[in-house]
Structure formats: C-alpha cells, structure tokens
Amino acid sequence: MIFRFVFLGSVVGLNFDFVLLNLTKHSSYLIYNASLFFSSTVQRQYRQKYGHNEMIPVAANDVAFSTHAVLLTAFTLFQIVIYDRGNQKISKIAIAIVSVAWLSVAVCVFVAIPKLSWLWLISCFNTVQIVMTIIKYIPQTILNFQRKSTTGFSIGNILLDFFGGVTNYSQMAVQSIDQNSWVNFYGNIGKTMISLVSIFFDVLFMIQHYVLYPAKNTDSPSNPTLLEEDAPQLTDERKAYIVDV
C-alpha cells in the first residue's frame, strides 16, 4: 500500500479515519506490549495477580509487531500530508473517538499514579486497542455492502491478517499447553481479543470478496491503475475506504 501511494503520488481512495484509528490502536498496543515485556515492576504485578509461576504473555515478537505497525501507520499518515488528498479529510467523528480514547487513558494515568497500579494502567491501553480494533473494520464492511463490491481494497492484506490471527492463537495455545495453564489467554485479553476480532472480520471480508460480490472483483485490487481510476469516483461518493492492516 505504501509503495502504491509512492507510485501514484496520491492517497486518494484511502480513508483517513482508518489511518487515525489504526495509529491510535497500534500505539496503545505498543505501550502495553513494551511495558509488560521490559518493565520488571509490571511483570511483578502481573505474577502477583495471576501466579508467580505464570509466564509473561508478551514475547519479543509481540513488541516487534507493534513497533512495525506503529512505524508503518505513522509513515502512511505522513504520506497523507505530503501527497494529493483530493477533497478527503479526517471526519469529526474519528477525531472525537480518538480524543475520547486518549482522554480516557489520561484519566487512567492520574488514577494509577497514586496507587502505583501499573498493570491496571497498561490494561487501560490494552482496552483502547481492543475498542479501536473493533471500530476500524466497520466502515469497510459497510462500504463493501453499499457498493456490492470489494474493488479498491487489498484482499491480500486480509489474507495475511487472517494468517497472523490464526498463528497468534496457535502460539498462545502451544505456550499454554507447555505451561499447563490457560492464564496466557485471559491474562493477555488484548492479544486474545485482537485475534478474535481480526479473524471474524477477515472471514467476513473473504466472504464478501469471494462469495457475495465476486463479479466485480475481476480486476486485481493491487493494480495501481485500477486504484487511480476508481479513487475519484469513490471520493465523490465519499465512500473510499481501503484496508491496510
């Protein structure tokens, strides 16, 4: 997706609300993963809550994933600033959602500091990323239904996202079997929920793409020419929304 925008010199056809929501989501998840992975204080509070023999449910690959996602999403936001945007802009609803999310986290910070409840605090960030994950997929689902087509968004990203969700669960299951404990699932509810939500919407997108609206998907969605031709129409209709997870 990033290379497509570089090739076209335009981000017309990308829904800016998705990028803003996605950046909020991945930033929150990075804070949670990095804190639980690197902070001995947070790890101690985790073991006090779930058991001293329980393993920390965040691994190096989780931190790497979050870091990678934040950097790519931030760069996409930078592309929005420098490339042709047409008449598209971030909606007031998206700005309001993000503002409420960060204000809620700010309140949690002030509540946590006096009690030194760092595990509870990063759980608040975890909750934000779960909510953002649910919200960010909905506009694309509605758009596909309204247009009766999935032309203009990358099904390849959906397939990769689905594979990532499945392997996420596989990793957690193997770790749980090895530890003979299922705390790994409810002790890291964020990772559990993000996989569940992603798999659910990925399956829904695949049904839309391959079963419900296959006739209009004859052209490759990865073709830059298709995006360039289709984007102005979507912009005029204010329906453009491309998933890039």
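**Ground rules**

This is a predicted model, in which local features need pLDDT of at least 70 and side-chain atom pairs count only at pLDDT 80 or more, while totals for chains, interfaces and linings use all residues. Residues are numbered from 1 along each chain as its sequence is written, and side-chain values use heavy atoms, with hydrogens and water left out.

**Whole chain**

Colour by secondary structure. The chain has ten helices and zero strands, where helices (H or I, at least four residues) and strands (E, at least two) are DSSP runs numbered from the N terminus. Of its 245 residues, 49% count as buried; buried means under 20% relative accessible area, exposed over 50%, and partly exposed in between, with a 1.4 Å probe and protein chains only. The accessible surface comes to about 12,300 Å², and carbon and sulfur atoms hold 67% of that. These areas come from the Shrake-Rupley method with a 1.4 Å probe, and for residues only the protein chains shown count as cover. Among contacts (heavy atoms within 4.5 Å) with a separation of 6 or more, 83% join residues 24 or more positions apart.

**Confidence**

Now colour by pLDDT, the predictor's confidence in each residue, from 0 to 100. The chain averages 79, and 81% of the residues score at least 70. Among the elements, α5 has the highest mean pLDDT (94), and helix α10 (residues 224–237) the lowest (42). Select residues 217–245: the pLDDT is below 50 there, yet this stretch has 73 contacts in the model beyond near neighbours in sequence.

**Nonpolar cores**

Select Leu121, Val128 and Met132. These residues have the most contacts inside the largest nonpolar core, which has 13 residues. A nonpolar core is a set of buried Ala, Val, Leu, Ile, Met, Phe, Trp, Tyr and Cys residues joined through side-chain atoms within 4.5 Å. Helices α2 (16–38), α5 (92–115) and α6 (118–147) each give two or more residues to this core. The largest share, six residues, comes from α5. Keep Leu121 selected and show its surroundings: leaving aside neighbours within four places in sequence, Leu121 is in contact with Cys108, Val109 and Ala112. Apart from this core lies another, of twelve residues, among them Tyr29, Leu36, Tyr46 and Ile56.

**Loop between α5 and α6**

Move to Leu116, in the loop between α5 and α6. Leu116 has a positive phi of about 55 degrees although it is not a glycine. Most residues other than glycine have a negative phi.

**Cysteine pair**

Select Cys108 and Cys124. Cys108 counts as buried at 15% relative accessibility, and Cys124 does so at 13%. A search of the whole structure finds zero disulfides.

**Aromatic pairs**

Show the rings. The whole structure holds nine aromatic pairs. Rings of Phe, Tyr and Trp (its six-membered ring) pair if their centres lie within 6.5 Å; planes under 30 degrees apart count as stacked, over 60 as edge-to-face and the rest as tilted.

Select Tyr46 and Tyr50. Their pair is tilted, at 4.7 Å centre to centre and 40 degrees between the planes. Because they are four residues apart in helix α3 (residues 40–50), about one helical turn separates Tyr46 and Tyr50. Tyr46 is buried at 1% relative accessibility, whereas Tyr50 is partly exposed at 21%.

Next, select Tyr137 and Phe205. Their ring centres are 6.1 Å apart and the planes stand at 55 degrees, so this pair is tilted. Tyr137 lies in α6 and Phe205 in helix α9 (residues 189–212), so the pair ties together parts that are 68 residues apart in sequence. Tyr137 is buried at 1% relative accessibility, and Phe205 is buried with a relative accessible area of 0%.

**Last stop**

Select Ile155, in helix α7 (residues 155–179). Is Ile155 buried or exposed? Ile155 is buried, with a relative accessible area of 8%. Its C-alpha atom is separated by 7.5 Å from that of Met206, 51 residues apart along the chain.

Key. A disulfide is a pair of cysteine sulfur atoms within 2.5 Å.
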